[in-house]
Structure formats: structure tokens, C-alpha cells
Amino acid sequence: MARRILWRLTGLVPMLFIISLLVFFISKAGPADPVKGALSQKMSPEQIEQIRQAYGLDRPAWQQYAGWLGDMVTDGGGISLSVRSPVSELVYPAFRNTLILGAAATLLTVVLGVAIGFASGLRHGRPTDRIAMLFVQIGSNLPIYWFGLIIIWLTAVRWQWLPAGGMHDLRGEGGFGDLLLHLIAPAFAASLVSMLIIARFVRAAVIESEQSDYIRTYRSQGFGRAAIVGRHIGRNVLPPIVNTTGLTVGSVITGVVFVETIFSWPGIGSVLLNAIAGSDYPVIQSGILLVAVTFVLVNLVTDIALDLLNPRLRHGGA
């Protein structure tokens, strides 16, 4: 097992290198010039050229890539071209806020998705199953942006249960309870689509397990329904849940970026939008690289968890 984990960690090195290359050169492929765009009305062409030299923007692309990669390792991404402050001070706090929202959305995705899938699968063909599948069908087709606006209207405007946006109450003292209150609505909005995807997979896995021969054998031997569901069906459904959760984390992170805009959540989404508008390459590259690395690490943890849960994968050789 240790060899498999070491092998997977070794495989991350070329993958992260390729990701860094794609992030750097795709962000540089745009026609906009950040220095001219920000300063052309205030400085002479000679002064603009001096600034380009100071930031290394006049060097060949491969030298800029090497410099950016060195800054990412040693200095957190260099200096922002538009704000003139360290990229780490802009990106890391916002990314931490995005991780908080993403973790809450993932938790809701797993808990509610598994609950809906189990409830529907165990009552296959009954009214509970049909109602749950109708909810899944409708919810899967709701755009995240539109769904977020509905949640704000219901919870903040009509019922006044939750705040309309932000991460903390600016008039209060903050704290964990205040954060939790601001977290519920955006986390639910970000988790909806992924939650329903997991519900579908869990329902199908539960139905397949219930109709299998070994479950019929357990029933014929007098095992109770609770014991069969808890010890056997639940154990068999666990690997698909872990696998699907790892795959849907990317969807959750993507949804979080949209949800941050709707709920005024101070995350990486708003930082990236501002950086793209100002062609601030260091911020764009650092932000996208952080999101990509997070996605890769989540998939690595998912693969290791699947190896631990499934002996056939664990002993398959690596």
C-alpha cells in the first residue's frame, strides 16, 4: 500500500508541471497588455517600457515562466501588476475563504446526497422514490446562478431567516456562529447539483445491492433489514460514494466561484474576476494554479481512499 501511495505521489510531479505550463501560457495568450491598459493614460511610452522591464514582461516567455514558477515556490507568486502588492496577500486569504465555502458545500453534498439516495433506493418504486426522483430531476436542471437568487429571495427577503450575503455581519462581532449563519445559503446553493448527482449514484447502487443474490441469501437466513442495510448494503455502496464525491468536488469548486459572486462571498472567484478584468497575470496564474492543485490533491486522496476500501484495487499491483 505504501508503494502505491508513493507511486501516486511521484506521478503528481509531472502532472503539476504540465498544469503550471498550461496555466501560465493560456493566461498569457490573451491580447491585453496589463501595463499599457493600466498606465497608458498616466505615463509616457518610455516610462511604460521601464515598468515592463522591471516586471520582466520584456523577457522571452520561457524566462517569464521560470521566474513565475520561482516566485510561486519562494515568494507566493510575486507582485500584482494592478494592485502593486504581493500576490500571496491577495490570493491566499481569498482562497482560504473559498476552501471554507467549498468544504461546507462538499459536506452538504455528501450528507444530503447519500440520505436522498438511500431513502429513494430503499423505497424503490414507491411514492417516496418517485417524489425524490422528481426533486432530483428538477434540481439537476436548475442553473446555479438562478437557484442562488431564489435562495436569497426566500431566506433573506421573504422569511428573513438568513443574511443576504457576505461572510460576516459588519455591525456585529463575528465569530463562528455568525460565520455559520452566512455559510448556510451559499453552501446549499453550491452543493445542489453535485448533491443530486451523488443521490442518483447512491440510489442505483442501493437498488443493485438489494436485488443481488447474497442479499436475498441474508434475508432467507433471517437477518433483519437494519442489519442488512447497515452491514452489507452500506459497506458495498461506500466505494461508489467516495469515488463520486471525488469526481464531484470539481463541480462544487466551479459552482462555488459562481456562488461567491451571487452571495458577495470574499473568495477566489471575485479576486480572479478582478484580475482578469485588469489582465493581472500573476494573480490569475496563482489563483488558477491553487484551484487546479486542490482538485488534483482531492483526486489523489480519493484514489487512496478507494484503494483502502477495495481490496481488489489494493492488491492489483502498482
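## Terms and overall fold

Helices (H or I, at least four residues) and strands (E, at least two) are DSSP runs, numbered from the N terminus. The model described here is predicted: local features need pLDDT of at least 70, side-chain atom pairs count only at pLDDT 80 or more, and totals for chains, interfaces and linings use all residues. Residues are numbered from 1 along each chain as its sequence is written, and side-chain values use heavy atoms, with hydrogens and water left out.

The protein chain holds 13 helices and zero strands, and its pattern along the sequence reads α-α-α-α-α-α-α-α-α-α-α-α-α. Its C-alpha atoms fill a box of roughly 85 × 55 × 35 Å, taken along the principal axes. Of the 318 residues, 42% count as buried; buried means under 20% relative accessible area, exposed over 50%, and partly exposed in between (1.4 Å probe, protein chains only). Contact means heavy atoms within 4.5 Å. Among contacts in the protein chain between residues at least 6 apart in sequence, 73% join residues at least 24 apart.

Two packed helices are described by the angle between their axes and the distance between the axes. Axes are lines fitted to C-alpha atoms, for helices over the stretch in contact, and angles run from 0 to 180 degrees between N-to-C directions. A crossing is left-handed if the near helix is turned anticlockwise from the far one by less than a right angle, and right-handed if clockwise. For residue classes, Ala, Val, Leu, Ile, Met, Phe, Trp, Tyr, Cys and Pro count as nonpolar, Asp, Glu, Lys and Arg as charged, and the others, Gly among them, as polar.

Helix H7 (residues 144–158) and helix H8 (residues 176–210) have axes that come within 9 Å and cross at roughly 145°, in a right-handed crossing. On the H7 side the contact is made by Ile144, Phe147, Gly148, Ile151 and Thr155, and on the H8 side by Ala185, Phe188, Ala189, Leu192 and Val193. By class, this contact has eight nonpolar, two polar and no charged residues. The axes of H5 and H8 come within 5 Å and cross at roughly 35°, and this crossing is also right-handed. The contact of H5 with H8 has 21 nonpolar, seven polar and two charged residues.

Serine 286 is found in helix H12 (residues 281–309). Serine 286 has a relative accessible area of 2% and is therefore buried. Leaving aside neighbours within four places in sequence, serine 286 is in contact with Trp68, Met72, Gly76, Gly77, Val87 and Val91.

Residues up to four places away in sequence not being counted, leucine 289 touches Ile19, Ser20, Val23, Trp68 and Met72. The C-alpha atoms of leucine 289 and serine 20 are separated by 6.6 Å, although the two residues are 269 residues apart along the chain.

## Residues in loops

Leucine 81 lies in the loop between H4 and helix H5 (87–122). With a relative accessible area of 9%, leucine 81 is buried. Leucine 81 and glycine 246 are 165 residues apart in sequence and 35 Å apart in space, C-alpha to C-alpha.

Glutamine 160 lies in the loop between H7 and H8, and serine 264 in the loop between helix H10 (225–262) and helix H11 (268–277). Phi of glutamine 160 is near 55°, a positive value in a residue other than glycine; phi of serine 264 is likewise near 55°. Glutamine 160 counts as exposed because its relative accessibility is 63%, and serine 264 counts as exposed because its relative accessibility is 53%.

## The largest pocket

On a 1 Å grid over the protein atoms alone, a cavity is a set of points where a 1.4 Å probe fits but cannot get out, and a pocket is an open set with protein on both sides within 12 Å along at least five of seven lines; lining residues have an atom within 4 Å of a point. Grid points are joined across faces, edges and corners, and a volume is the space filled by probe spheres set on the points.

About 290 Å³ of space lies in the largest pocket. Its lining has 18 residues, of which Tyr55, Leu57, Trp68, Asp71 and Pro282 lie nearest the centre. Helix H1 (2–28), helix H4 (61–74) and H12 each supply at least two residues of this lining, and H4 gives the most, with four residues. The lining divides into nine nonpolar, six polar and three charged residues.
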